[in-house]
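The following exercises concern a single protein model. Please work through each task before reading its solution.

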Amino acid sequence: MGRSGGLAAVTALVALCMLYLKGGGDSEMTALWIAAIVVFGVVEAVTAGLVSIWFVPGAVAGLIAAMAGAGLLIQLVLFLAVSAAALAATRPLVKKLSAGRAVPTNADRVLGRTARVTETIDNDSASGAVYVDGKTWTARSADGSVLPAGSRVEIRRMEGVKLIVEAAQKAPDKKEEVV
């Protein structure tokens, strides 16, 4: 459930409580807001992403308004406004923290590199291997040509655990694996 779906569900829950309580007294609404804080906190704790944390400060605002004797409409408006403000205030920070730095994988390190063919690459016989970055990888030709053992190839992409290569067009550079 997305943020807008969660907000709609919370709004519907509050509206149902309004109908059920027929305006509700302060003690019922206080209990409702405390329950909302607990529910949103638990949902946040059991989910992997930030799903309902923004509703906790909104529910706290609703609780404070209920304890101050404000009407149900004011409590609801405060809940929605504070929840939206919390989302708006923390969203850039959350995006920045969740973006993080990508940790290179083996594929990231070998893409674009030059490798040495250790076993003739022949797509028709599903054979071929290259040596790069201290490892031997299964390889296939990007254009279907046969690439003999000992030749140099450039790694274009990775499909599963196979490197897709093509014959090197230039002299080996400093990125080439020394063997």
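**Exercise 1. Determine whether valine 46 is buried or exposed, and identify the surface patch to which this residue belongs.**

Step 1. Valine 46 has a relative accessible area of 67%. Because buried means under 20% relative accessible area, exposed over 50%, and partly exposed in between (1.4 Å probe, protein chains only), valine 46 is classed as exposed.

Step 2. The model is predicted: local features need pLDDT of at least 70, side-chain atom pairs count only at pLDDT 80 or more, and totals for chains, interfaces and linings use all residues. Residues are numbered from 1 along each chain as its sequence is written, and side-chain values use heavy atoms, with hydrogens and water left out.

Step 3. Valine 46 belongs to helix α2, residues 26-46; helices (H or I, at least four residues) and strands (E, at least two) are DSSP runs, numbered from the N terminus.

Step 4. Together with Ile34, Val38 and Val42, Val46 makes a nonpolar surface patch of about 370 Å².

**Exercise 2. Describe the aromatic pair of phenylalanine 40 and phenylalanine 79, and state which parts of the chain this pair ties together.**

Step 1. A pair of aromatic rings is described by the distance of the centres and the angle of the planes. Rings of Phe, Tyr and Trp (its six-membered ring) pair if their centres lie within 6.5 Å; planes under 30 degrees apart count as stacked, over 60 as edge-to-face and the rest as tilted.

Step 2. Four aromatic pairs are found in the structure. In one of them, phenylalanine 40 and phenylalanine 79 are stacked, at 6.3 Å centre to centre and with 15 degrees between the planes.

Step 3. Phenylalanine 40 lies in helix α2 and phenylalanine 79 in helix α4 (residues 72-99), so the pair ties together parts 39 residues apart in sequence.

Step 4. Phenylalanine 40 is buried at a relative accessible area of 10%, and phenylalanine 79 is buried at 0%. Both residues also take part in one aromatic cluster with Trp33 and Phe55.

**Exercise 3. Locate alanine 126 and aspartate 133, and state what phi each residue has.**

Step 1. Alanine 126 is placed in the loop between β1 (114-122) and β2 (127-132). Although not a glycine, alanine 126 has a positive phi of about 50 degrees.

Step 2. Aspartate 133 is found in the loop between β2 and β3. Aspartate 133, likewise not a glycine, has a positive phi of about 55 degrees.

Step 3. With 25% relative accessibility, aspartate 133 counts as partly exposed.

Methods:
Patches are made of residues with over 30% relative accessible area and no salt bridge: like charges are joined within 9 Å, nonpolar side chains (Val, Leu, Ile, Met, Phe, Trp, Tyr) within 5 Å. Accessible areas come from the Shrake-Rupley method with a 1.4 Å probe; for residues, only the protein chains shown count as cover. A salt bridge is a side-chain nitrogen of Lys or Arg within 4 Å of a carboxyl oxygen of Asp or Glu.
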